[in-house]
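This report describes one protein model for a reader who has not seen it before. Please look over the sequence and the structure before reading on.

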Amino acid sequence: VNLLATIRYHSTSPNQKKPNSKVVASAKEALEGVNLDGATICVGGFGLGGNPETLLNELSQHPNAKNLTVASLTGGTDGMGVGRLIEA
């Protein structure tokens with residue numbers, strides 16, 4: 001599953017005000033309808049800078065985010081970034 005492509009596809013639904021916009025109102029909305037079970041997720045950033053913290057926090061609480069493979073330069077820290085996924 002290519003999560004990035006799925007989120008981009010999902011975020012361009014015709015129900016939005018700007019049909020070509022890839023911007024969504026929240027991380028929760030970006031993950032709606034995405035099958036996360038067994039997904040591979042690549043996380044950018046270095047150390048704690050530049051990580052998509054809001055998306056990772058939502059992902060760590062998502063009920064279908066199971067059996068994930070996460071590729072990241074860093075493991076984050078307790079309670080932040082990729083560390084939230086590790087703890088979940």
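Which backbone oxygen does the side chain of Ser 60 reach? The side chain of Ser 60 reaches the backbone oxygen of Asn 57, at 2.7 Å.

## Basis of the model

This is a predicted model, in which local features need pLDDT of at least 70, side-chain atom pairs count only at pLDDT 80 or more, and totals for chains, interfaces and linings use all residues. Residues are numbered from 1 along each chain as its sequence is written, and side-chain values use heavy atoms, with hydrogens and water left out.

The average pLDDT (the predictor's confidence in each residue, from 0 to 100) of the protein chain is 76. A score of at least 70 is reached by 75% of the residues. Over residues 8-12, pLDDT stays under 50. For residues 8-12 the model has twelve contacts (heavy atoms within 4.5 Å) beyond four places in sequence.

## Overall layout

The protein chain has four helices and two strands; helices (H or I, at least four residues) and strands (E, at least two) are DSSP runs, numbered from the N terminus. Their order from the N terminus on is α-α-β-α-β-α.

Of the 88 residues in the protein chain, 26% are buried. Buried means under 20% relative accessible area, exposed means over 50%, and partly exposed lies in between (1.4 Å probe, protein chains only). The protein chain exposes about 5,700 Å², and carbon and sulfur atoms supply 52% of this area. Areas come from the Shrake-Rupley method with a 1.4 Å probe; for residues, only the protein chains shown count as cover. Among contacts with a separation of 6 or more, 58% are between residues 24 or more positions apart.

## Helix H3 and Ser 60

Which residues of H3 are buried? They are Leu 56, Asn 57, Leu 59 and Ser 60. Seen down the axis of H3, the buried residues fall within an arc of 165°, so they line one face of the helix. The arc is that of the directions from the helix axis to the C-beta atoms. An α-helix has 3.6 residues a turn, so residues three or four places apart point the same way. Thr 54 and Gln 61, on the other side of H3, are exposed. The cover over the buried residues of H3 includes helix H2 (27-31), strand S1 (40-43) and helix H4 (82-87).

Ser 60 counts as buried because its relative accessibility is 16%. Leaving aside neighbours within four places in sequence, Ser 60 is in contact with Arg 84, Leu 85 and Ala 88.

## The nonpolar core and Val 82

A nonpolar core is a set of buried Ala, Val, Leu, Ile, Met, Phe, Trp, Tyr and Cys residues joined through side-chain atoms within 4.5 Å. The largest one has nine residues: Leu 31, Val 34, Leu 36, Ile 41, Val 43, Leu 56, Leu 59, Val 82 and Leu 85. S1, H3 and H4 are the elements that give two or more residues to this core.

Val 82 lies in helix H4 and is buried, because its relative accessible area is 6%. Not counting residues up to four places away in sequence, Val 82 touches Val 43, Leu 56, Val 70, Ser 72, Thr 74 and Gly 75. The C-alpha atoms of Val 82 and Ser 72 are separated by 7.8 Å, with the two residues ten apart along the chain.

## The loop at Asn 67

Asn 67 is in the loop between helix H3 (53-61) and strand S2 (69-72). Asn 67 is exposed, because its relative accessible area is 61%. Phi of Asn 67 is near 55°, a positive value in a residue other than glycine.

Terms used: Polar contact = N/O pair within 3.5 Å; in protein donor to acceptor, adjacent residues only side chain to side chain.
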